Amino acid sequence: MSLSLEEKLAIHELLGRAAFAYDERDIPMLESCFAASAVLSMRIAGGDLIGPFSGRGSVMQLFHDSMAQQSDVRRHLVSNIFFDETGENPLAISNLTLVATENGEIQLLSAGIYRDTVVLEEGAWRILDRYLELDKSY
């Protein structure tokens with residue numbers, strides 16, 4: 001699949017919107033970033049695979065449970081986005097830098113790589129399959 005410049009920009013905005021929605025705890029916006037049949041899995045510091053969490057409801061439950069445990073203000077910084085267009089659906093690869101503010105202190109929590117397979121669903125680009133590999137636990 002070959003993406004147009006407009007499609008690449010829309011996917012770029014999708015990744016930014018998903019990060020912003022999580023950080024702002026905007027559940028409806030976050031949910032709109034994932035396909036109905038979304039799958040999410042992750043690996044932390046080369047450890048065992050966590051997941052997969054299958055279906056948008058399961059992915060959203062994971063996010064909800066994670067947010068409930070966080071007392072800090074998180075910022076997911078997504079950068080260095082590029083695309084692999086060789087598969088049936090585009091793969092957006094990007095860096096994650098995760099920072100947090102708590103008690104007036106900002107600290108780097110972790111960094112990693114997102115591999116997001118995206119799909120056009122109901123006229124909007126959505127994350128179909130997200131794999132996150134973090135460099136260290138947070």
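Okay, before we start: when I talk about charges, Lys and Arg count as positive and Asp and Glu as negative, while His and the chain ends are left out. And keep in mind that this is a predicted model.

With that in hand, the charge tally: the chain carries 11 positive and 21 negative side chains.

Now the overall fold. We've got 3 helices and 6 strands, and from the N terminus the order goes α-α-β-β-α-β-β-β-β. How does the radius of gyration fit a compact globule? For 138 residues you'd expect something near 14 Å, and the chain has 15 Å, so the two agree. If you box up the C-alpha atoms along the principal axes, you get roughly 45 × 30 × 30 Å.

On to packing. Of the 138 residues, 38% are buried. The accessible surface is about 7,500 Å², and carbon and sulfur atoms account for 52% of that. As for contacts, take the ones between residues at least 6 apart in sequence: 52% of those link residues at least 24 apart.

Let me zoom in on one residue, Met42, which is in strand β1, residues 34–44. Is Met42 buried or exposed? Its relative accessibility is 10%, and buried means under 20%, so Met42 counts as buried. Who does Met42 touch, once you skip residues up to four places away in sequence? That would be Asp48, Leu49, Ile50, Leu62, Tyr131 and Leu132.

Notes
Residues are numbered from 1 along each chain as its sequence is written. This is a predicted model: local features need pLDDT of at least 70, side-chain atom pairs count only at pLDDT 80 or more; totals for chains, interfaces and linings use all residues. Side-chain values use heavy atoms; hydrogens and water are left out. Helices (H or I, at least four residues) and strands (E, at least two) are DSSP runs, numbered from the N terminus. The radius of gyration is taken over C-alpha atoms; the globule rule is 2.2 Å times the number of residues to the power 0.38. Buried means under 20% relative accessible area, exposed over 50%, partly exposed in between (1.4 Å probe, protein chains only). Contact means heavy atoms within 4.5 Å. Accessible areas come from the Shrake-Rupley method with a 1.4 Å probe; for residues, only the protein chains shown count as cover. The place of a charge is taken as NZ of Lys, CZ of Arg, CG of Asp or CD of Glu.
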